[in-house]
Amino acid sequence: MILAKNRECVKKIDIRNTLNQKEVLCIMKDRMKRAGSEVRKVLTCQEAEKMVMPYIDEMLGEEELDEFLEHIEGCEACREELEIYYTVSVGLRQLDAGTGVFDIAGALEESMDLAWLKVRAARLRRVICYAVGTLCTAGVLTTLILQLRIWLEAGFAG
């Protein structure tokens with residue numbers, strides 16, 4: 001996996017092709033650490049293609065789903081690959097079940113919209129968990145400080 005801040009960075013690296021993937025990875029990590037940027041995983045096309053069937057079968061975890069959707073959104077070749085696999089897979093399932101939605105492309109769009117909602121819900125859940133954890137820690141520290149203050153006043157007054 002190549003780490004990058006955004007897609008433009010990956011495109012620049014792909015154009016250069018003078019360095020191997022490990023060198024590029026080290027350079028990008030170093031630059032992002034110096035810039036204070038968030039280091040984010042960006043899938044290669046080969047990795048995204050391996051995730052197509054797990055995506056269709058709804059077997060991807062939240063982080064994998066996020067990475068996959070980000071890649072599919074920006075890579076036309078992988079998007080076409082997904083459309084082909086999705087059309088064949090869903091079409092065969094519908095034939096086996098005897099039901100059918102004739103707008104399979106629309107079903108793919110709906111599936112991707114639902115997947116994005118799942119990713120956003122996961123992000124929101126993480127933020128809420130961090131916020132609750134921070135508030136709990138602040139509450140415990142405040143209680144401890146107040147209790148120490150009570151003990152110190154009682155110790156000095158008694």
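## Basis of the model

The model is predicted, so local features need pLDDT of at least 70 and side-chain atom pairs count only at pLDDT 80 or more, while totals for chains, interfaces and linings use all residues. Residues are numbered from 1 along each chain as its sequence is written, and side-chain values use heavy atoms, with hydrogens and water left out.

## Confidence

The predictor's confidence in each residue is given as pLDDT, from 0 to 100. Its average over the protein chain is 78, and 71% of the residues score at least 70. Helix H1 (residues 7–16) has the lowest confidence, with a mean of 46, and H4 has the highest, at 91. Residues 1–19 have a pLDDT below 50; in the model this stretch has 40 contacts beyond near neighbours in sequence, a contact being heavy atoms within 4.5 Å. Where pLDDT is low, the predicted coordinates should not be read in detail.

## Overall fold

Seven helices and two strands form the secondary structure of the protein chain. Helices (H or I, at least four residues) and strands (E, at least two) are DSSP runs, numbered from the N terminus. In that direction the order of elements is β-α-α-β-α-α-α-α-α.

The protein chain has 158 residues, of which 26% are buried. Buried means under 20% relative accessible area, exposed over 50%, and partly exposed in between (1.4 Å probe, protein chains only). The accessible surface is about 11500 Å², and carbon and sulfur atoms account for 60% of this surface. These areas come from the Shrake-Rupley method with a 1.4 Å probe; for residues, only the protein chains shown count as cover. Of the contacts between residues at least 6 apart in sequence, 66% join residues at least 24 apart.

## Nonpolar core

A nonpolar core is a set of buried Ala, Val, Leu, Ile, Met, Phe, Trp, Tyr and Cys residues joined through side-chain atoms within 4.5 Å. The largest one here has 22 residues, and Tyr 55, Leu 65, Phe 68, Leu 69, Leu 82 and Met 112 have the most contacts inside it. At least two residues of this core come from each of helix H4 (52–56), helix H5 (62–74), H6 and helix H7 (104–157). H7 gives the most, with six residues.

Leaving out residues up to four places away in sequence, the contacts of Tyr 55 include Leu 65, Phe 68, Leu 69, Leu 82 and Met 112. Tyr 55 also touches Leu 60, Leu 108, Ser 111 and Ala 115.

Glu 58 lies in the loop between H4 and H5. This residue has a positive phi of about 55° although it is not a glycine, and it counts as exposed because its relative accessibility is 68%.

The expected span of a helix is 1.5 Å times one less than its number of residues. Among the buried residues of H5 are Glu 67, His 71 and Ile 72. Asp 66, also in H5, is buried at 10% relative accessibility. Its C-alpha atom is separated by 9.7 Å from that of Arg 123, 57 residues apart along the chain.

## Helix H6

H6 (residues 76–97) has 22 residues and reaches 31 Å from its first C-alpha to its last, close to the expected 32 Å. Its buried residues include Leu 82, Tyr 86, Val 90, Gly 91 and Gln 94. Just after H6, Gly 98 takes a positive phi of about 80°.

Arg 79 of H6 counts as buried at 16% relative accessibility. Apart from neighbours within four places in sequence, Arg 79 is in contact with Ile 72, Glu 109 and Met 112. Ser 89, also in H6, is buried with a relative accessible area of 10%. Ser 89 touches Met 53 and Ile 56, not counting residues up to four places away in sequence. The C-alpha atoms of Ser 89 and Met 53 are separated by 8.7 Å.

## Cysteines

A disulfide is a covalent bond between the sulfur atoms of two cysteines, taken here as a pair of sulfur atoms within 2.5 Å. The whole structure has zero disulfides. The sulfur of Cys 75 has its closest cysteine sulfur in Cys 78, at 3.6 Å, which is too far for a bond. Cys 75 is buried with a relative accessible area of 14%, and Cys 78 is buried with 3%.
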